[in-house]
Amino acid sequence: MSSTTLTERPTRSTLFDGLSRYIPVGATVVLLAAMYLGGIARYRNFDNPQLIPDLFIGNAALLIVAVGMTFVILSGGIDLSVGSVMAFSTMACAWLTVDAGLPASVAVPAVLAFGVLSGTFTGAVIHYFNVQPFIATLAGLFLYRGLTLQISDHDVSIREIDFFSWGMERVEFGDPRDGGFSLPYISFIAFAVVIVAFVVLHYTRFGRGVYAVGGSEQSALLMGLPVARTKIGVYAISGFCAALGGVVAAFYTKSANPLAGVGFELDAIAAVVVGGTLLTGGAGFVLGTVAGVMVMGLLSTIIAFQGNLSSWWARIVVGVLLLAFILLQRVLARSGEKRKG
Amino acid sequence: MSKASNAGRTAGEGRAGAYLKRLMWPLIVLAALLIVNIAVTGFDFIVPDVHDDRLSGAFVNILRRAAPLLLIALGMTLVIATKGIDLSVGAVYAIGAAIACQYLAGRDQSAVGAVAAAVALALAIAALIGAWNGTMVAHFGVQPIVATLILMIAGRGIAQLITGGQIPTVADSSPFVELGRGAIATVPVPIWIGAAVFAALVLLTRTTALGMLLESVGGNPEASRLAGIRSKGITVLAYLIAGTCAGLAGLIGAANLGSADANNGGLWIELDAILAVVIGGTALMGGRFFLLGTTVGVVIIGTLEVTIINVGLSSQWQFTAKAIVVFIVAMLQSPEFRAWILRPFRPRAAEPAPTDPDPEKALAK
């Protein structure tokens with residue numbers, strides 16, 4: 001980082017350099033604060049200390065999946081299979097513990113390992129056979145939804161309640177009466193995923209590789225970066241996160257629904273984009289994704305507080321937010337191009 | 001003009017020969033599926049018969065039900081030809097259905113004028129949405145997958161807004177349901193509409209310069225612009241056609257059901273349409289398109305769904321079967337995969353690195 005002062009700043013600046021690369025994520029944070037303050041001003045009980053922690057309970061699975069999606073999108077790809085992989089993982093947890101009679105302590109690691117393997121396979125197909133990520137993960141979307149429906153076409157309750165109720169055991173922070181709140185263990189799983197992802201993206205060689213491949217795969221290859229390992233790695237991470245999201249959903253609902261998570265990939269992509277990550281790859285932050293998930297959670301909360309708004313307004317507002325962020329990114333990219341010339 | 005570009009591409013082969021070559025694999029797959037069905041259910045499967053002045057039979061039903069998918073896939077073919085993709089068609093399908101049914105729900109449904117107005121209104125809005133997508137792509141420079149993702153997410157919300165969260169129904173006596181269930185000269189109306197749109201698009205793209213312009217924009221938008229083609233207008237037009245086709249498909253679907261379900265109407269139809277286009281031999285890279293191939297792809301998907309039931313598998317196999325088809329098609333279209341799989345069969349002299357033990361590693365280099 002210090003070496004940048006030694007050389008003249010290149011005239012051909014990259015897309016989001018300097019301070020301007022913080023503009024999208026800054027906009028997300030401003031939006032988040034505005035939504036929260038607006039909520040406090042408008043609704044009673046909106047300042048309940050449990051309100052913000054609740055965002056991380058209902059959206060724990062979305063946060064985990066969106067973090068995995070952030071890796072894929074940063075590398076310039078897209079993963080449409082996460083919703084199906086998540087539903088399949090939840091169903092596999094139920095099936096392995098109920099029908100196959102495996103203890104949950106074996107079933108859960110097996111499901112997570114499956115997530116990594118399926119992601120690795122998808123990544124290998126994308127990299128070695130040069131299949132478009134959109135098409136390769138589309139196959140995953142159909143395949144895992146089909147497998148989920150073949151295991152069961154109706155809801156399955158999860159046994160091993162002792163194990164799966166661990167996830168919803170709450171940790172109290174202070175007394176609820178004077179500003180305290182509580183969080184279940186699944187929220188801490190989500191936080192751990194975010195922290196690990198943050199460290200990996202910003203402080204490891206692999207993380208720098210993800211940004212480099214997303215910026216320009218050709219340049220990354222010419223620089224001698226391990227493009228194959230990076231590209232396969234991001235899909236493995238996304239597969240792992242989707243499987244973990246499914247396990248967390250199993251903790252949360254203690255049942256598996258074969259049609260759970262239909263359209264979940266769209267929520268995850270929307271959260272990543274609203275979090276300020278460039279959909280073409282190469283620019284963005286994992287903490288922005290956290291903010292994006294919080295925006296989407298807060299949106300549902302506000303609609304619930306308003307009471308007379310129907311749930312479809314959430315979809316429309318998310319669409320408008322997406323539009324705003326995509327246009328903002330275009331404007332920033334255009335101004336970057338102008339500086340170049 | 002399209003003749004010239006086709007002949008140039010296939011280097012000396014005749015146009016018919018080139019078409020046959022590109023259609024060969026889809027047609028073989030379709031024939032195999034048909035043979036499986038005939039083997040299981042007998043020749044009744046393919047031979048239509050006339051009941052109550054209309055054609056019926058398993059295969060006619062497949063074509064009738066595939067008509068909405070055909071319309072969407074044809075529009076998608078043009079968009080993909082411009083190197084784009086339209087993810088919002090499923091949502092536009094729902095919006096088109098919602099507008100028409102909601103408009104009719106409060107009016108005299110047996111009046112032809114009201115039905116015509118409902119259809120016109122739905123198609124106009126669908127065209128507008130398509131033009132919006134095209135403007136985002138062409139004028140704002142947003143990636144197609146991103147630009148259409150916005151409406152893919154928001155579109156079903158808009159459809160629910162239009163219907164107020166209800167499922168509006170249209171009475172069976174209304175002329176509107178004829179769009180989905182009626183028959184003209186014994187042939188079901190959806191098949192007529194599908195055939196008409198197919199013929200119109202083929203004429204529009206292959207007898208005028210439009211097809212070549214679409215291909216040139218898809219091949220290289222900047223070069224086409226420098227060559228004097230209004231590439232932005234062409235792109236907007238492609239999305240506009242795709243949106244209109246999706247709206248029309250929604251009308252047929254709603255007419256068939258007599259209702260509009262904003263949540264589930266046309267769910268995943270965009271993925272089926274992309275699958276049909278890819279099966280039909282139109283590459284996602286853009287720069288060329290193949291409407292007849294898309295049509296065969298749509299019939300393959302329709303037949304596949306029926307085949308699964310006919311051979312005694314549960315309907316849950318549909319997703320798995322589609323996944324397998326997507327995977328095989330993607331693999332066959334990948335030059336890297338073909339090179340890798342054909343490697344053992346090549347004569348030894350042609351092998352670039354015969355001593356390399358791991359072909360995947362060699363590919364990575």
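Buried, in this tour, means under 20% relative accessible area, exposed means over 50%, and partly exposed is what lies in between, all with a 1.4 Å probe and protein chains only. The model is predicted, so that local features need pLDDT of at least 70 and side-chain atom pairs count only at pLDDT 80 or more, whereas totals for chains, interfaces and linings use all residues. Residues are numbered from 1 along each chain as its sequence is written, chains are lettered from A and ligands numbered from 1 in the order in which they are written, and side-chain values use heavy atoms, with hydrogens and water left out.

**First stop: a helical turn in chain B**

Select E222(B) and R225(B), whose side chains meet in a salt bridge with 3.0 Å from N to O; the term stands for a side-chain nitrogen of Lys or Arg within 4 Å of a carboxyl oxygen of Asp or Glu. Both residues lie in helix α10 (residues 221–226) of chain B, and because they are three residues apart there, about one helical turn separates them. Helices here are DSSP runs of H or I with at least four residues, strands are runs of E with at least two, and both are numbered from the N terminus. E222(B) counts as partly exposed at 45% relative accessibility, and R225(B) is partly exposed as well, with a relative accessible area of 44%. Next, select D272(B), E305(B) and K322(B), which salt bridges with shared partners join into one network.

**Second stop: other salt bridges**

Staying in chain B, select D172(B) and R181(B), which form a salt bridge whose closest N and O atoms are 3.2 Å apart. D172(B) is exposed, with a relative accessible area of 55%, while R181(B) is partly exposed at 27%.

Now move to chain A and select E217(A) and K231(A), whose side chains meet in a salt bridge at 3.2 Å, N to O. This pair links distant parts of the chain, with E217(A) in helix α10 (residues 217–222) of chain A and K231(A) in helix α11 (residues 227–253) of chain A, 14 residues apart. E217(A) is partly exposed, with a relative accessible area of 36%, whereas K231(A) is buried, with 12%. Over all chains, a search of the whole structure finds six salt bridges.

Select residues 185–203 and 205–215 of chain A, which are helices α8 and α9; they pack at an angle of about 75°, with their axes 5 Å apart. That angle makes α8(A) roughly perpendicular to α9(A), a label given to angles of 65 to 115 degrees. To see the contact (heavy atoms within 4.5 Å), show V200(A), L201(A) and H202(A) from α8(A) together with F206(A), G207(A), R208(A), V210(A) and Y211(A) from α9(A).

**Last stop: where the chains meet**

Finally, show both chains together: the contact takes 48 residues from chain B and 38 residues from chain A. Between them the two chains bury about 4,000 Å², 79% of it on carbon and sulfur atoms, where buried area is the accessible area (1.4 Å probe) that two parts lose on being put together, summed over both. In chain B, select I153(B), Q316(B) and F319(B), which lose the most area to chain A and together make up 15% of what that side buries. Across this interface of chain B and chain A, the rule finds zero salt bridges.

Note on methods. Axes are lines fitted to C-alpha atoms, for helices over the stretch in contact, and angles run from 0 to 180 degrees between N-to-C directions. Angles under 35 degrees count as roughly parallel, over 145 as roughly antiparallel, 65 to 115 as roughly perpendicular and the rest as oblique.
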